[in-house]
Amino acid sequence: MKPPAFRYHDPAELGEAVDLLARLGPDGKVLAGGQSLIPLLNMRLAAPAHLVDINRITELNTITAEPGGVRVGALARHRAVERSAEARAVQPLLAQALHHVAHPVIRNRGTVVGSIVHADPSAEMPAVLALLGGSVRLASSRGERDVPAAEFFVGPLETALQPGELAVSAFFPALPERSGTAFCEVSRRHGDYAMAGVAAAVTLDEDLRIRSARVACVSVGPVPVVIDVTAVCGAGPASSVDWDAVADAVRERIDPEADIHATAEYRRHLTGVLAVRALRSAADAAGESEE
Ligand SMILES: Cc1cc2nc3c(=O)[nH]c(=O)nc-3n(C[C@H](O)[C@H](O)[C@H](O)COP(=O)(O)OP(=O)(O)OC[C@H]3O[C@@H](n4cnc5c(N)ncnc54)[C@H](O)[C@@H]3O)c2cc1C
């Protein structure tokens, strides 16, 4: 199928893009990697009157890794972030999760920020941002604002981004020392959206006892579901944790729905299994970071 008719704009500067978006209001849609938007247009599930292609705004093609975290610009492709050694050193969860995003061809074109703005409840990047307590920087003709992940994701394919705003970057904070992360998911075929998936982060104290353990679950709610399981893990080392109790605690906090791929009960069960798997890997990585 072909997309409905639209007017195409390709500004070369950020100022030009936000002025254009301010003028267009709800009639304007940003085009980044096009890996979600173009299929939606072709299937006629979206019909914006104007597309604002940001691919010529090279100032948005940035990946900045600093001790406090990684800032990913709106034109940084999934693949570039996945392969960035600097980003991996500061926040390894990015590459761990990006490995599960679609196929390399799609990762070559799709953007991390586009994935966050698209806000598919089955997508990996929103869960990573939510777990880390990151934020999204939005620019408009009125200036810039930073929106924390907890406020950014409003519902399936729905965010706090307002008409006239452009997401210029997303910030993924680093974790404290003696932290480890992991991402586990199950999909019907590699590269498909996950039936269930879990991002995990564990921080240990100086005696290698669990100080913090959190997960963010995908495909089991309208937005990424962040769950703090520190109390269930107890204050001992990872080897002393009652992992069955952790799996049950995660299952209690989610409310998955059935679809053609899986029943709600299967998704609930799987999420518990994946949460334990991810948390154990994250705890191992946290212990190794101390060696
Ligand atoms: C076959 C296939 C499998 C896939 N599997 C997965 C998967 O397993 N996991 C996963 O997470 N994703 C998957 N994707 C989606 C892929 O990750 C997309 O790249 C991503 O969702 C959107 O990024 P994009 O840059 O392509 O955005 P686009 O398609 O260009 O835009 C998507 C939406 O976000 C808006 N938008 C994009 N950037 C901005 C911005 N800077 N400011 C404001 N609005 C913006 C657009 O207006 C549009 O509404 C898959 C895609 C395909 C085709």
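Of the 31 residues around the ligand, those that come nearest are Val30, Gly34, Leu37, Thr111 and Glu124; a residue counts as near if one of its heavy atoms lies within 4 Å of the molecule. Before going on, this is a predicted model, in which local features need pLDDT of at least 70 and side-chain atom pairs count only at pLDDT 80 or more, while totals for chains, interfaces and linings use all residues. Residues are numbered from 1 along each chain as its sequence is written, and side-chain values use heavy atoms, with hydrogens and water left out.

By class, the shell around the ligand holds 16 nonpolar, 12 polar and 3 charged residues. Here Ala, Val, Leu, Ile, Met, Phe, Trp, Tyr, Cys and Pro count as nonpolar, Asp, Glu, Lys and Arg as charged, and the others, Gly among them, as polar.

Now the polar atoms. A polar backbone atom of Val30 is 2.6 Å from an oxygen atom of the ligand. For Lys29, a polar side-chain atom lies 3.1 Å from a ligand oxygen atom. At Gly191, a backbone N or O atom sits 3.5 Å from a nitrogen atom of the ligand.

On its own the ligand has 970 Å² of accessible area, and the protein covers 90% of that (Shrake-Rupley method, 1.4 Å probe). Which elements give two or more residues to the shell? They are β2 (28-31), α7 (112-118) and β10 (166-173), as DSSP runs, with helices (H or I) of at least four residues and strands (E) of at least two, numbered from the N terminus. The most comes from α7, with 5 residues.

Key. A polar contact is a pair of N or O atoms within 3.5 Å; within protein, one must be able to donate a hydrogen and the other to accept it, and residues adjacent in sequence count only if both atoms are side-chain atoms.
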